[in-house]
Amino acid sequence: QVQLVESGGGLVQVGGSLRLSCAASGSIFSIRTMGWYRQAPGKQRELVAVITSGGITNYVDSVKGRFTISRDNAKKSVYLQMNSLKPEDTAVYYCNVEGFTVAGLNEYWGQGTQVTVSS
């Protein structure tokens, strides 16, 4: 069994900051890529940021310079530091982890955490 537990979402004012956390637990090992996706009401889910096992990061253009993704392999966790938040950042954010179990390589999703940016 593999579980991803997210935390850190909430309501913030425009220009504020939030730090999202996602911790994997269970029988997962040798984690490869980790990322954050978001889905706003009525919109398609999009990749926000991804970090590879080698530490290479990529971001959707709309968050570049404002968001930072990082990981802690010892804690099997991935984080998303979000600064200078805008109303258009409002969405449910989901973490995604690719990693191996004894059954092979699999992809896992967190339960989602709501981020609301108000003015």
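1. A word on contact to begin with: two residues are in contact when they have heavy atoms within 4.5 Å of each other. Please keep in mind, too, that this is a predicted model. With that in hand, take a look at Phe67. Leaving aside residues up to four places away in sequence, Phe67 touches Arg38, Val48, Tyr59, Leu80, Gln81, Met82, Asn83, Leu85, Asp89 and Tyr93.

2. As general background, nonpolar side chains tend to be buried together in soluble globular proteins.

3. Next, the open sheet. Its 4 strands follow the order S1-S3-S8-S7, and their pairing is antiparallel. At the edges you will find strand S1 (2-7) and strand S7 (67-72), each of which pairs on one side only. From one strand to the next, the twist averages 15°.

4. Inside that order, S3 is listed beside S8. Strand S3 (residues 18-26) and strand S8 (residues 77-82) are joined by 6 bridges in the antiparallel sense.

5. Strand S9 (residues 91-101) runs antiparallel to strand S10 (residues 104-109), and 6 bridges join the pair. Here Glu98 stands opposite Glu107 in S10.

6. Most residues other than glycine have a negative phi. Ser30, although not a glycine, has a positive phi of about 50°. Ser30 lies in the loop between S3 and strand S4 (34-39). Is Ser30 buried or partly exposed? With a relative accessible area of 46%, Ser30 is partly exposed, because that value falls between the 20% limit for buried and the 50% limit for exposed.

7. Ser84 is the other one to check. Ser84 has a positive phi of about 50° and is not a glycine. You will find Ser84 in the loop between S8 and S9. Ser84 counts as partly exposed, at 40% relative accessibility.

Conventions. Residues numbered from 1 in each chain as written. Predicted model: local features only at pLDDT ≥ 70, side-chain atom pairs only at ≥ 80, totals over all residues. Heavy atoms only, no water. Pairing = 2+ DSSP bridges. Helix = DSSP H or I, 4+ residues; strand = E, 2+ residues; numbered from the N terminus. Axes fitted to C-alpha atoms, helices over the stretch in contact; angles between N-to-C directions. Buried < 20%, exposed > 50% of the residue type's maximum accessible area, 1.4 Å probe, protein only.
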